[in-house]
Every structure is written in C-alpha cells, then in structure tokens.
Amino acid sequence: MSAPIERHGVVPSYLLARLAASGRFPRAAAAARQTLTAGRPPFRARIDLSIDENGDLVAQLSDAPNRTISDAGNTQTLPGILVRSEDDGPVDDVSVNEAFDGLGATFELLLTAFGRNSLDDAGAPLDASVHYGVDYDNAFWDGERMVFGDGDGEVFQGFTGSITVIGHELAHGVVQHTANLEYQGQPGALNESVADVFGALTEQYSLGHAAADATWLIGAEIFTDAVQGKALRSMIAPGTAYDDDELGKDPQPDHMSGFVRTTEDNGGVHINSGIPNRAFALFAIDLGGNAWQTAGTVWYRALTGGLSSTATFTEFADATVAAAAEVDEATATAARRAWTTVGVYGDERVPGTDGVGAD
C-alpha cells in the first residue's frame, strides 16, 4: 500500500486562514476554506475562526457533517435522486432544506454536547430521503438513512419541519452504534425514550432554551390544525400530548403504576417510553440550566458505558445514577429522585425519604 501523498503548497496556510475570513472577497474566502481542508484524510472538516487575546486570527479544524438529501419522488424506492449535498446551497424544495438543516442541528448537538462525531463517532455520513411514498404518514431511520414522508395533509403534515422528529430518528442511529437496545419491551421503550431525549435536546440546543423553559414536546409540528393536540408526545407530562375524537387520547403512562403490558407496538415501546421520558425531563429541570449539559451528558454516558442491549428500566436507571455520581452526589441524588418520582425506584433509594416504592 503506497504512502499518502503529502502536499506542500506554495501559499502558506496562515495566509489561507486570513483569506478564509475575508468579507471583501467572498469567492476567494470560500476557495481558501476549501483549500485548507483539501488533501486531508477522508472525513469532513471545517475551519473555526476566532480572535485570540492578542488580536490574532486563529484557525482550527474541527469535525463537520457530511449530509446528502435525496428525493424519493413519492415512490418507496430508496434513496431516490440526489438533490442536495454538503457543499450545496439551499434549493427550492422546502422539505429538502428542512431535512438538511435538521441533520446539521443534530450533528452539532452530538459534537458540541458529547464530543461525538456523527452517529458512529467516526464521521458517518448523514443521509436522508424526502417525499417518500404517497401521503406517507411517518419518518423513520432504516439503519442507514433518515426517510421522511409528506403526511396526508389532513392529520399529518410534512415531517421535515420538526427538528425533534429529526433528532429522534437520528438518535436511533446513535443507539444502534452504542448499546443497540433490543426493540422490544422495556429495552425497546428505552430505545424510544433515548431517541426522544436526543430529539428534545437537539431542539433545545438549537433554540438555546434552558430545561425550565423548554416545551418538552416531541413532534409539535407534525399535526395539522384539525387535530386536537399539541404534539405526538410530551416528555414532561406523558399522556397529555393529544386528546382527539379520531386519534383518541395519548396513551403514555407517566409512572410505573400505569405500565402497559401489551403484545402490540413491540410490547408498548412507544407507550411505556413515557416513563423514562418523564424521568429525564424531571432530572434536567431539577438540575437547572441547559439540559444538554449535565443531564444530557449523564444519559449519554449511561448509554455508552457498557449498557446491556436487554437493559430494563431499573438497569438503565442504575447506569444513569452511576454516571451522575461521577459528577457529584447532588447530581446522583437528583437522578434517584427522578426515577423515584416515576416509580422505577422505591422511596428508599433517595436519601432522606421513607417508604417502599416500585423498584
């Protein structure tokens, strides 16, 4: 195997770095940025420019997303026709641009909050297809790409407009590359819950919303005005997202006493996820500040710290408490308190409380 070619440019990198920040020469600035990243290993990178304390320009390379959006043309044949890639500007199709931006927002959360370079932590490309099927009422992660339907127009509208949906579906890719939680019963509900957590965090990070100010809604944009409901799920108040004559009432429980035992929905993975969802929202609000910081990091470390693919709610709760204890005891106590509130732990698991719960 031959050694990689090392490039020695006649134009020094510090000059290209200065040019990359030029406002007077926008075309040249773009070319300089491209030149600085050319000839490097096969992963995406970007240049972050800043001014140091001496007033000097500092150029640093950091990880960058590698996004592609394809148009399935209202067929169910994937991926469809490539319509936008990483270096392309916005196109006339709103769905394409929304998907592109949502993929980028999720990448930014993973990188900034958790130091994770894409879904596999190795710069995996973020691929998506829009306009899947005719009146297709869903968006999904197929193990390799995100796929968006357009909705039927009566109950569901385009799914690309919801950043929580995009963050949720891409999070399934993160789970796939980490704990790979089985999609059945309690592990499956944890899989769905972790995806909701990442979806909510993506929105909160993108908007700069603190935990106390966040809506904690998943899919708030996907219903039409004809539906009596505010979202697909509420993390802070499971069971309250919608109550519609046609769709029925949101079936999610907010406590283990309401845990649903069913053979449908892979053992209730979308239903019982409300229990760990509420635990995370309570934990984040209890800690205060931004949920993607301490609270999000605790959940991420629990997911990536050797968690079993068959983890139960209690096992996952134990993993979060262990991760929280690495921060400090107050954080660990807040985690125990959240899991106790939703009935996964008994009261004796929280110092200073009495009684026996549902552990």
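Q: Is D135 buried, partly exposed or exposed in this predicted model?
A: Let's start with one residue of the predicted model. The relative accessibility of D135 is 49%. Buried means under 20% and exposed means over 50%, so D135 counts as partly exposed.

Q: Where in the chain is D135 found, and what is its phi?
A: D135 sits in the loop between β5 (126-130) and β6 (139-141). Most residues other than glycine have a negative phi. D135 is a residue other than glycine, yet its phi is positive, near 55°.

Q: Which value does phi take in N74, and where is this residue found?
A: Here is another residue to look at. N74 is found in the loop between β3 and β4, and it is partly exposed, with a relative accessible area of 38%. N74 is not a glycine, but its phi is positive, at about 60°.

Q: Which two residues does a cis peptide bond join, and what is omega there?
A: Most peptide bonds are trans. Look at P79, in the loop between β3 (67-71) and β4. The peptide bond that joins L78 and P79 is cis, with omega about 10°.

Q: How many helices and strands does the chain have?
A: Now for the whole chain. It has 359 residues, and 46% of them are buried. Its accessible surface comes to about 17100 Å², with 48% of that belonging to carbon and sulfur atoms. The secondary structure comes to ten helices and eleven strands.

Q: What share of the contacts with a separation of 6 or more comes from residues 24 or more positions apart?
A: Contact here means heavy atoms within 4.5 Å. Take the contacts in the chain with a separation of 6 or more: residues 24 or more positions apart account for 50%.

Q: Are α3 and α5 roughly parallel or roughly perpendicular to each other?
A: Helix α3 covers residues 94-114 and helix α5 covers residues 185-207, and their axes are 9 Å apart. The helices pack at an angle of about 90°. Angles of 65 to 115 degrees count as roughly perpendicular, so α3 and α5 are roughly perpendicular.

Q: Which residues of α5 make the contact with α3, and how do the residues of the contact divide?
A: On the α3 side, the contact is made by A105, T106, E108, L109, L110, T112 and F114. On the α5 side, it is made by F198, L201, T202 and Y205. The residues of this contact divide into seven nonpolar, three polar and one charged.

Q: Why is helix α8 largely enclosed by the rest of the structure?
A: In α8, the buried residues are A295, G296, T297, V298, W299, Y300, A302 and L303. They pack against α3, α4 (163-176), α5, α7 (274-287), α9 (313-325) and α10. Helix α8 (residues 294-304) is largely enclosed because eight of its eleven residues are buried.

Q: Is T164 buried or exposed, and which residue's backbone nitrogen lies 2.9 Å from a polar atom of its side chain?
A: T164 has its place in helix α4, and at 1% relative accessibility it counts as buried. Leaving aside neighbours within four places in sequence, T164 is in contact with several residues, including G199, A200, E203 and L217. Its side chain also makes a polar contact with the side chain of S162, at 3.0 Å. The backbone nitrogen lying 2.9 Å from a polar atom of the T164 side chain belongs to G219.

Q: How far is the backbone oxygen of R336 from a polar atom of the side chain of T340?
A: T340 is found in helix α10 (residues 329-341). With a relative accessible area of 12%, T340 is buried. The backbone oxygen of R336 lies from a polar atom of the T340 side chain at 2.7 Å.

Q: Which residues is D93 in contact with, leaving aside its neighbours within four places in sequence?
A: D93 is found in the loop between β4 (81-85) and α3. D93 is partly exposed, with a relative accessible area of 23%. Leaving aside those sequence neighbours, the residues in contact with D93 are D71 and H131.

Key
Residues numbered from 1 in each chain as written. Predicted model: local features only at pLDDT ≥ 70, side-chain atom pairs only at ≥ 80, totals over all residues. Heavy atoms only, no water. Axes fitted to C-alpha atoms, helices over the stretch in contact; angles between N-to-C directions. Helix = DSSP H or I, 4+ residues; strand = E, 2+ residues; numbered from the N terminus. Parallel < 35°, antiparallel > 145°, perpendicular 65-115°, else oblique. Nonpolar A, V, L, I, M, F, W, Y, C, P; charged D, E, K, R; others polar. Buried < 20%, exposed > 50% of the residue type's maximum accessible area, 1.4 Å probe, protein only. Areas by Shrake-Rupley, 256 points an atom, 1.4 Å probe, with all protein chains shown as cover. Polar contact = N/O pair within 3.5 Å; in protein donor to acceptor, adjacent residues only side chain to side chain.
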